[in-house]
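Q: I would like to go through this structure step by step. Could we begin with how the chains meet?

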Protein chains: 2
Amino acid sequence: MIVETGIRDYLKEKATWVEAELERSLPAEWHIPGALKESMMYSLMAGGKRLRPILVIAAAEALGGSAEAALPVALAVEMIHTYSLIHDDLPAMDNDDFRRGKPTNHKVYGEAMAVLAGDALLTHAFFSVVQASRKHGVPAECVADIVEELSRLAGAPGMVGGQAADMLGEQGLTKLSELEYIHLHKTSDLIIFSLKAGGRIAGADSAKLHALERFGQCIGLAFQIQDDILDLIGDEQKLGKPVQSDVKQQKVTYPYFIGLEASQAKVEELTREAKQAIVDGGFANPARLLQLADFLMNRDH
Amino acid sequence: MIVETGIRDYLKEKATWVEAELERSLPAEWHIPGALKESMMYSLMAGGKRLRPILVIAAAEALGGSAEAALPVALAVEMIHTYSLIHDDLPAMDNDDFRRGKPTNHKVYGEAMAVLAGDALLTHAFFSVVQASRKHGVPAECVADIVEELSRLAGAPGMVGGQAADMLGEQGLTKLSELEYIHLHKTSDLIIFSLKAGGRIAGADSAKLHALERFGQCIGLAFQIQDDILDLIGDEQKLGKPVQSDVKQQKVTYPYFIGLEASQAKVEELTREAKQAIVDGGFANPARLLQLADFLMNRDH
């Protein structure tokens, strides 16, 4: 495949597409109380990189599969990501008043509605997954595999478990292995899901699914370490949030354990390893995934 | 089919079975942070009538289907019901300290963990649905249908929407139709889901699914009106909670709108209508569903 456009154009184009489809992801004929629908859409349309849905699409395309068929699952993973942010921001959790420069969901709609909007988005993600079968003929067996994997990687042994461990660890995390557990589940699991689900839609065999999983583990951890680095030395303007919040909140991070330089070296090493998994995997169109890994390593926000 | 045991024995037997299976519904090999798992299981094993899972099983049996094959979906619906109770009890929502005589989840594990335990149970419900296919060979198409219907009836246009409307309506509900909207979605939708999913597992055609839906609409509304009646004139000991809480909280109810006697007559009428739907539906084993409708009408807690 000839890569006609740079990765930034690719990301922008896919994000625009994903946002247009998120906008109409609640069937128009459904009757939903106005405030609930508003609250759901407020957070769903609040911007962001749309990284996870793009990974679903990029993984499907890497196998020569259809981006359209991958779309319902791409939307689903963004709904899961969005609900987790709404609930994480609640006063009982991280108690954040702003996200991406906008008031958080509960600041606008109240805590009760924020809880319900999160619940509704989480539930609607599974509706969206099934639409891959309804609208694009993805086999029901594949949909069942994706539902099962989403419920595991977004659930108690996955993302929610990582969030719980993070919360429990705030009282005193003492080992790097504990921090890695949190990163793996809180961040990487949903990234791994995204890549494998895109692969499944495109009919990946188990070797390719394994390569996508390895790619996801590496870029997921690199992504989180990069977050820690940017919080330490990033540009507040570009990040759209105050830096050094981890230090102020006495949160342990990768740089805290191994230092800034070793953290930067770790991001580079993980990126190399991620790309190797794709190169070794024999994908039809590996270019976008390789570019994505580099892009994430070099990002400044 | 000869009904060998009374409905109370049937309910007790199925509830005991459901509880034993709920107890082991989180795969033992999963690594889940201890406090999260405890918090999930605390509410999941906190008792209750287990009405919704029993409806899944009874509907499957009414069609001559297998109770075992219906079990994973029965467990799923109880997980959904349990998560909704955990989130409803939160300080930002109903702010309840006790449920079924035990401290509510957030009183024991804190608000943050209660939010996460609810999220995890909601997510795990979809995992459980897929196990119908993995463990009992239910066709993937049927699993996809059930996932879609669960996400709709438990989501924004269903249970969560009903909960949101209830919350929004607390400031001044003026019409019976608004109260019926809340009841339909907050309570009946999950009951309708349970019956139809049990039917689907047993291979119900669209006429039988329609009969089960009608049955569910009627017993769901009857159930909620009966709740209102019991809150007004029930026995505190039997209910395990203080009565007349609706009056104290100035909540509008069915008796508030049409009076106690007309409410009791409405429960009877809905029960008759529910039973008629089953009688007309030509089910192989209708007896348990008919008994269940009568049992719910006559319950005192």
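A: This is a predicted model. In it, 48 residues of chain A are in contact with 48 residues of chain B.

Q: How much area is buried between chain A and chain B?
A: The buried area is about 4,000 Å². Carbon and sulfur atoms give 76% of that area.

Q: Which three residues of chain A supply more of its buried area than any other three?
A: They are A:Leu116, A:Thr123 and A:Glu148, which supply 13% of the area that chain A buries against chain B.

Q: How many salt bridges cross the interface of chain A and chain B?
A: The rule finds 4 salt bridges there. In one salt bridge, the side chain of B:Arg134 meets that of A:Glu148, at 2.8 Å from N to O. A:Glu148 was also named above, among the three residues that supply 13% of the area chain A buries.

Q: And polar contacts, how many residue pairs are there between the chains?
A: The count between chain A and chain B is 10 residue pairs in polar contact, with both residues at pLDDT 80 or more.

Q: Which helices of chain A each supply at least two residues of the side that touches chain B?
A: Those helices are helix 2 (34-44), helix 4 (67-89), helix 6 (111-136), helix 7 (140-153) and helix 8 (159-169). The largest share comes from helix 6 of chain A, with 14 residues.

Q: What is the make-up of that side by class?
A: The side of chain A that touches chain B has 33 nonpolar residues, together with 8 polar and 7 charged ones.

Q: Do the copies meet through the same surface or different ones?
A: They meet through the same surface, because 100% of the interface residues of chain A are also interface residues in chain B.

Q: What rotation superposes chain A on chain B?
A: A rotation of 180° does so, with 0.0 Å of shift along its axis and an RMSD of 0.0 Å. That is the relation of a two-fold axis. In chain A, the C-alpha nearest the axis belongs to A:Ala140, at 2.6 Å from it.

Q: Changing topic: where does B:Arg288 lie?
A: B:Arg288 is in helix 15 of chain B, which covers residues 287-298.

Q: Is B:Arg288 buried or exposed?
A: B:Arg288 counts as buried because its relative accessible area is 8%, and the cut-off for buried is under 20%.

Q: Which residue does the side chain of B:Arg288 join in a polar contact?
A: The partner is the side chain of B:Gln291, in a polar contact of 2.8 Å.

Terms used
Residues are numbered from 1 along each chain as its sequence is written. Chains are lettered from A and ligands numbered from 1 in the order in which they are written. This is a predicted model: local features need pLDDT of at least 70, side-chain atom pairs count only at pLDDT 80 or more; totals for chains, interfaces and linings use all residues. Side-chain values use heavy atoms; hydrogens and water are left out. Copies are superposed by least squares on the C-alpha atoms of residues with pLDDT of at least 70 in both. Contact means heavy atoms within 4.5 Å. Buried area is the accessible area (1.4 Å probe) that two parts lose on being put together, summed over both. A polar contact is a pair of N or O atoms within 3.5 Å; within protein, one must be able to donate a hydrogen and the other to accept it, and residues adjacent in sequence count only if both atoms are side-chain atoms. Helices (H or I, at least four residues) and strands (E, at least two) are DSSP runs, numbered from the N terminus. Ala, Val, Leu, Ile, Met, Phe, Trp, Tyr, Cys and Pro count as nonpolar, Asp, Glu, Lys and Arg as charged, and the others, Gly among them, as polar. Buried means under 20% relative accessible area, exposed over 50%, partly exposed in between (1.4 Å probe, protein chains only).
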